Amino acid sequence: MKVLIKNGYIVSMATEIHKGDILIEDDRISRIGMIECDVDKVIDATNKIVMPGLINAHTHVGMSLFRGYSDESELMEWLSKKIWPVENNMTKSDVYHASLLSGIEMIKSGTTTFNDHYFYEEETARAAELLGLRAILARAIISSEEEAIKRIAEAEELYNNWHNKCDGRIKVCVGLHAPYTCPPDTMKMGVKLADRLGTPIHIHYLETRDEVKQMREMYNMTSTEYLKKAGVFNYHVMLAHGVQVDADSLETLKDISGGIIHNPISNQKLGSGIADIKKLRDNGINVALGTDGQGSTNTLDMFEEIKSAAYLQKVLYNSATALSAEDVIKMATIEGAKVLGIDSEVGSLEEGKKADIIIIDTNKPHLCPLHNIYSLLAYSVNGADVQTSIIDGKVVMEDRKITSIDEEDVMRDCRRIVESLFRK
Ligand SMILES: [Zn+2]
């Protein structure tokens, strides 16, 4: 199958922005330039921006059913009183439908890859398979003894059943919940599993001041010291949040493989604080962007996170130059791919790489005029401006229509599930 995207503004994240065409052959970008050849399908991108699909580097897509359920709570209280009691009643089918809803939401707002951490992840895998999304999935490992052992076994089963499936679109890694919810024995089992399977580790890290305090009380250590002692930093590690990074932690982070995932809206909404992204990046640490789950973020629109990330650094530093439009777009694309360890395949538009591409229509009042494309992308575009989405060379959304499934059916199923789930 050959697809030719004609005459777009190409924001490749590897070269300067230029006008041109992109030829896709099967799952890969085969040529970028001015191209004339016979193809199966032509997409006219005149007056449109053609860029890498966005990478949502930390989320819990099974949480879409929690959107708007409990908005004003502190993290610990929110988890223990609101989220965990409902999650205990969720079935596999609930997680499947919730994942479909999130998947549609992601595709319709420009995300092509997501990095997920939840339970019943095989259901999220099935949803990603159907919708054509690229995903890295982790069964969340939490708690101690019997419960942790059970979850470790489920994580390994997930790996055996889904790793590298769907032409390699789906990958599985080890997901430890957080330093304060995983006792030393659980950490040890998780690290051993990552070692045995050869996968990265995805974990919540230094999200709140409460975490810092709790770790001091429980172990007389920082979360960084705790993870270091457990051997987590010997592996490729995807650290969600990093709001409370102190000077010693920063030194440790300089040497890791992987990076921090910044979730600016979740951090603001839960009152967790402002991660010092500028300092991390100035010290050579890769920073990706994520949404977190819809329980704490409400939407999975990465363009909202992009805006928010840029604005928050400007507020933190009292400086309009603290984080540029171009840098924040990097975080949502190529830098995100580096944090996830998949930058050789996705994150930029280059010949030979996977064809994960989004096309944004600029012929709209709020996107006119066009002085600077990075500025437009960071500060003016929203998810609904994404017109067409291609993942692994397949058109998964065309002119705003999802090609694999009827989105009305999915919304109807989710409304029905919520009726019973939240009244059990
Ligand atoms: Zn999270």
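Analyst: The discussion below takes the metal site and then the aromatic contacts of this predicted model.

User: Which residues are the protein donors of the zinc ion?

Analyst: The donors are H58 (NE2), H60 (NE2), H204 (NE2) and D292 (OD), at 2.1 to 2.2 Å from the zinc ion. Along the chain their spacing reads H-x1-H-x143-H-x87-D.

User: How is the geometry of such a site read from its angles?

Analyst: Ideal angles at a metal are 109.5 degrees for four tetrahedral donors. Here the angles among the 4 donor atoms of the zinc ion run from 84 to 173°, and the site is irregular.

User: Are H58 and H60 buried or exposed?

Analyst: Buried means under 20% relative accessible area. H58 is therefore buried, at 0% relative accessibility, and H60 is buried because its relative accessible area is 7%.

User: How many aromatic pairs are there?

Analyst: Rings pair if their centres lie within 6.5 Å, and the count by this rule is 7 aromatic pairs. One of them joins Y69 and F422 edge-to-face, with 4.6 Å centre to centre and 65° between the planes. Y69 lies in the loop between strand 6 (54-59) and helix 1 (75-87), and F422 in the segment after helix 16 (407-421), so this pair ties together parts that are 353 residues apart in sequence. Ring pairs link F66, Y69 and F422 into a cluster.

User: Which residue lies over the face of Y69?

Analyst: K82 does, at 5.7 Å from the ring centre of Y69. Y69 itself is partly exposed, with a relative accessible area of 33%. In another such contact, R126 lies over the face of Y96, at 4.1 Å from the ring centre.

Methods:
Residues numbered from 1 in each chain as written. Predicted model: local features only at pLDDT ≥ 70, side-chain atom pairs only at ≥ 80, totals over all residues. Heavy atoms only, no water. Donors = N, O, S within 2.8 Å, 3.2 Å for Na, K, Ca; no water. Tetrahedral: all angles 85-135°; square planar, octahedral: opposite > 155°, others 65-115°. Buried < 20%, exposed > 50% of the residue type's maximum accessible area, 1.4 Å probe, protein only. Phe/Tyr/Trp six-rings, centres within 6.5 Å; stacked < 30°, edge-to-face > 60°. Helix = DSSP H or I, 4+ residues; strand = E, 2+ residues; numbered from the N terminus. Lys NZ or Arg CZ within 6 Å of the ring centre and 35° of its normal.
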